[in-house]
Amino acid sequence: MDFSTSTPIYLQVVEEIKRMLMSGELKPGEKLWSARDMAVRYKINPNTAARVYKELEMQNLCFTKRGLGTYLTEEEGIAELLKKEKAEQLLADTIATFLGLGYTKEELSELFQKALSEL
C-alpha cells in the first residue's frame, strides 16, 4: 500500500482485491481473509480492514456468511466485468488527457491506430 498517496488506504486495498479477482489470483466464491488477517497482510488497522469489507459489500463484490467468514461474490463473469469497467475507465482517462493537451479526435485516432499497429 502507498500510504503517501491521496487515495484512502481502504480504497487501495479494495482495488488490490479487485485486481486479484481480475487476474485470477482470487476466484469467485473464494473465502477471503478475516479482518484481522487482512490487517496483518496489508499492514493496516483492523478497523480499516473492516471498512474494506464494507466497501466490497456495497459494490456487491463480497458477502458475509454469519460465523463462517466473508466470501467473494459467486456471480458468473464478475472478473470479466471488472476488467471491462477498468479498461473503459483507463481509456476514458487517457482520452481526456490527450484532449486536454489539445489533440483533436482525429489526431488521437491516428495516434492510437499507429500504437496498435506497432504492438
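This is a predicted model: local features need pLDDT of at least 70, side-chain atom pairs count only at pLDDT 80 or more; totals for chains, interfaces and linings use all residues.

Visitor: Which residue's backbone oxygen lies 2.8 Å from a polar atom of the side chain of Gln-12?
Guide: Start from Gln-12, which is found in helix H1, residues 9–23. Its side chain has a polar atom 2.8 Å from a backbone oxygen, and a polar contact asks for N or O atoms within 3.5 Å. The residue that supplies that backbone oxygen is Thr-7.

Visitor: Is Gln-12 buried or exposed?
Guide: The relative accessible area of Gln-12 is 14%. The cut-off for buried is under 20%, so Gln-12 counts as buried.

Visitor: How is Ile-9 classed, and which residue is 35 residues apart from it along the chain with a C-alpha separation of 8.1 Å?
Guide: Ile-9 is also found in helix H1. With a relative accessible area of 27%, Ile-9 is partly exposed. The residue whose C-alpha atom is separated by 8.1 Å from that of Ile-9 is Ile-44.

Visitor: How do H1 and H4 sit relative to each other?
Guide: Two packed helices are described by the angle between their axes and the distance between the axes. Here H4 covers residues 78–100, and its axis comes within 8 Å of the H1 axis, crossing at roughly 120°. H1 passes H4 in a left-handed crossing. An angle of 65 to 115 degrees would count as roughly perpendicular and one over 145 as roughly antiparallel, so the word for H1 and H4 is oblique.

Visitor: How many aromatic pairs are there, and what kind do Trp-33 and Tyr-42 form?
Guide: The structure holds four aromatic pairs. In the pair of Trp-33 and Tyr-42, the centres are 6.1 Å apart, with 80° between the planes. Planes over 60 degrees apart get their own label, so this pair is edge-to-face.

Visitor: And what kind of pair do Phe-63 and Tyr-71 form?
Guide: Phe-63 counts as partly exposed at 26% relative accessibility, while Tyr-71 counts as buried at 15%. Their rings are 6.0 Å centre to centre, with 20° between the planes. The cut-off here is under 30 degrees, so the pair is stacked.

Visitor: Which ring does Arg-51 lie over?
Guide: Look for a ring centre 4.0 Å from Arg-51, with the arginine over the face. The ring belongs to Tyr-10.

Visitor: What is the phi of Lys-43, and where does Lys-43 lie?
Guide: Lys-43 counts as exposed, at 69% relative accessibility. Although Lys-43 is not a glycine, its phi is positive, at about 55°. As for the place, Lys-43 lies in the loop between helix H2 (35–42) and helix H3 (46–58).

Visitor: Where is Asn-60, and what is its phi?
Guide: Asn-60 is in the loop between H3 and strand S1 (62–65). At 56% relative accessibility, Asn-60 counts as exposed. Asn-60 is not a glycine either, yet its phi is positive, at about 55°.

Note on methods:
Residues are numbered from 1 along each chain as its sequence is written. Side-chain values use heavy atoms; hydrogens and water are left out. Helices (H or I, at least four residues) and strands (E, at least two) are DSSP runs, numbered from the N terminus. Buried means under 20% relative accessible area, exposed over 50%, partly exposed in between (1.4 Å probe, protein chains only). A polar contact is a pair of N or O atoms within 3.5 Å; within protein, one must be able to donate a hydrogen and the other to accept it, and residues adjacent in sequence count only if both atoms are side-chain atoms. Rings of Phe, Tyr and Trp (its six-membered ring) pair if their centres lie within 6.5 Å; planes under 30 degrees apart count as stacked, over 60 as edge-to-face and the rest as tilted. A charge sits over a ring if NZ of Lys or CZ of Arg is within 6 Å of the ring centre and within 35 degrees of the ring normal. Axes are lines fitted to C-alpha atoms, for helices over the stretch in contact, and angles run from 0 to 180 degrees between N-to-C directions. Angles under 35 degrees count as roughly parallel, over 145 as roughly antiparallel, 65 to 115 as roughly perpendicular and the rest as oblique. A crossing is left-handed if the near helix is turned anticlockwise from the far one by less than a right angle, and right-handed if clockwise.
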